[in-house]
Amino acid sequence: MSIGSPLYEPWSLADLVADLRAGRSTVEDAWRRSQRRIDDTEDDLAAWVVHGPPVELEDPPGLLGGIPLGVKDIVDVAGLPTRCGTDLYAARGPAEADAAVVQAWRTAGAVPAGKTVSTEFAFFAPGPTRNPADPSRTPGGSSSVSAAAVASGQVPLALGSQTAGSVTRPASYCGVASMVMTRGRHSTEGVTGLAASLDSHGFYAAQVRDLACAWSAFVGQEVVLGCMSAPPRVLLWDAGELGVVEPDMADALARLGRGIRADGAGQSAFPAGDAVSLATAAHAVVMSYEAARERSVLFADVDRLSAPLTALLQRGAATATADYHAACITVAETREHILRLFDCVDVIVGPAAPGAAPEGLTATGDPALSRAWQAWGLPVVTVPGLTDGRGLPLGIQVIGPPNSEAELLAGASWISAVIASQPAA
């Protein structure tokens, strides 16, 4: 993938870790590189609420060896404030303790470099951050700035969260890889969520192999890529039932489908479009209902909230409990239908966003292509490498059954290799 912007310069986590282990580089070198890149690009990107090297880096624990980590600013980091992209929390003091997920990444060896900008309460109102692939375009939302920090090479690894499409869509727009973990795989303690039954952890790295390096450290068990005895059984989802996929993305997906067939994978047509449509609509009901109750304290300051967040909370407050329960039942029933598909296929492959990042910075794009998968709580890897006719990134999402992250990374790596073998658009 060739991206012309000088702000786009992803930094390989796998290469960095290999250099640290071999003694070709040091953790101090890594932090100096991170700080130089932030200094060189931050005026153009506006990715950080606060950043800086830690006081102490001697003998870092864990497989990641002390590498710099970006943390989305809805996630607590001890000693730093959590401001959630809102002026309401501008005077907040520092968090007393790390969120559980930050502590887990520290155990893996990553060290927070600071807090990346979040959209307002991780919803649709954008912050000031620009897309490194094209600074005139949105990086997405709401974990967009963690994606931008990785895409620009400011850090090799950054954390996000997803309630609708907040990890998958920014990865697609910014041209990097991401993983959304199986919902419930790790505690959300210390994270300012939006809808408890939908919130999931995620993270960004340059490529799928970098995600695998990070995941190996996080779970303490090496994920080996490129060792599949046969091509994965692929179910191709074109998202036609949602009516949002743009022509460039549809063309890219069609090219990928031809490449999958040429490489011997058992591709078949997606048979569950109705389930996706139903779950997509149900997700919106569940999200607004739970957000209105989880963030009910915000109604006291509704005049200080953005129009999109105000509309979400008001819509949720007006939703009848019976309608919420009906939406939850729809999610559960359609989930069972989708899980049965994995009896016959290894991964589902489809578009990660409707198209390239939209122009302008006043909106964050459409999460429709992630809503159903998020409602079902499935793990998702976004694979970069495709571009549209203008050279802008297009991401592909690879979806697996619950708690299949290692196998999903192997399948996504295979998809990445297919993409790499294709000619540019």
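Okay, the lining of the second largest pocket: by class, that's eleven nonpolar residues, three polar and three charged. Keep in mind that we're looking at a predicted model here. In total, 17 residues line this pocket, and the ones nearest its centre are Arg21, Ala212, Cys213, Ser216 and Glu222. Two elements each give two or more residues to that lining, namely helix H1, residues 13–22, and helix H6, residues 208–219. As for the space inside the second largest pocket, we get about 290 Å³.

So which helix gives the most to the lining of the second largest pocket? That's H6, with five residues. Let's stay with H6 for a bit and look at its packing.

Start with H1. The axes of H1 and H6 lie 7 Å apart, and the two helices pack at an angle of about 55°. Who touches whom? On the H1 side we have Leu13, Ala14, Asp15 and Val17, and they meet Arg209, Asp210, Cys213 and Ala214 in H6. Sorted by class, the contact of H1 with H6 has five nonpolar residues, three charged ones and no polar ones.

Now H3, which is residues 100–108. H3 packs with H6 at an angle of about 100°, and here the axes are 8 Å apart. Angles of 65 to 115 degrees count as roughly perpendicular, so that's how H3 and H6 sit relative to each other. In H3, the residues involved are Val101, Ala104, Trp105 and Ala108, and across from them in H6 you'll find Ala214, Ala217 and Phe218. This contact of H3 with H6 has seven nonpolar residues, with no polar and no charged ones. Ala214 turns up in the contact with H3 and in the one with H1.

Okay, on to the strands. There's an open sheet of eleven strands with mixed pairing, and reading across, the order is E1-E3-E2-E4-E6-E5-E10-E11-E9-E7-E8. At the edges stand E1, residues 48–51, and E8, residues 268–269; each has a single partner strand, so one side of each is left without a neighbour in the sheet.

Let me zoom in on one pair. How do E5 and E10 pair, parallel or antiparallel? Antiparallel, over three bridges, with E5 covering residues 177–180 and E10 residues 380–387. If you want a spot to look at, find Val180: it stands opposite Val380 in E10.

Terms used. Residues are numbered from 1 along each chain as its sequence is written. This is a predicted model: local features need pLDDT of at least 70, side-chain atom pairs count only at pLDDT 80 or more; totals for chains, interfaces and linings use all residues. Side-chain values use heavy atoms; hydrogens and water are left out. On a 1 Å grid over the protein atoms alone, a cavity is a set of points where a 1.4 Å probe fits but cannot get out, and a pocket is an open set with protein on both sides within 12 Å along at least five of seven lines; lining residues have an atom within 4 Å of a point. Grid points are joined across faces, edges and corners, and a volume is the space filled by probe spheres set on the points. Helices (H or I, at least four residues) and strands (E, at least two) are DSSP runs, numbered from the N terminus. Ala, Val, Leu, Ile, Met, Phe, Trp, Tyr, Cys and Pro count as nonpolar, Asp, Glu, Lys and Arg as charged, and the others, Gly among them, as polar. Two strands pair if DSSP finds at least two bridges between them. Axes are lines fitted to C-alpha atoms, for helices over the stretch in contact, and angles run from 0 to 180 degrees between N-to-C directions. Angles under 35 degrees count as roughly parallel, over 145 as roughly antiparallel, 65 to 115 as roughly perpendicular and the rest as oblique. Contact means heavy atoms within 4.5 Å.
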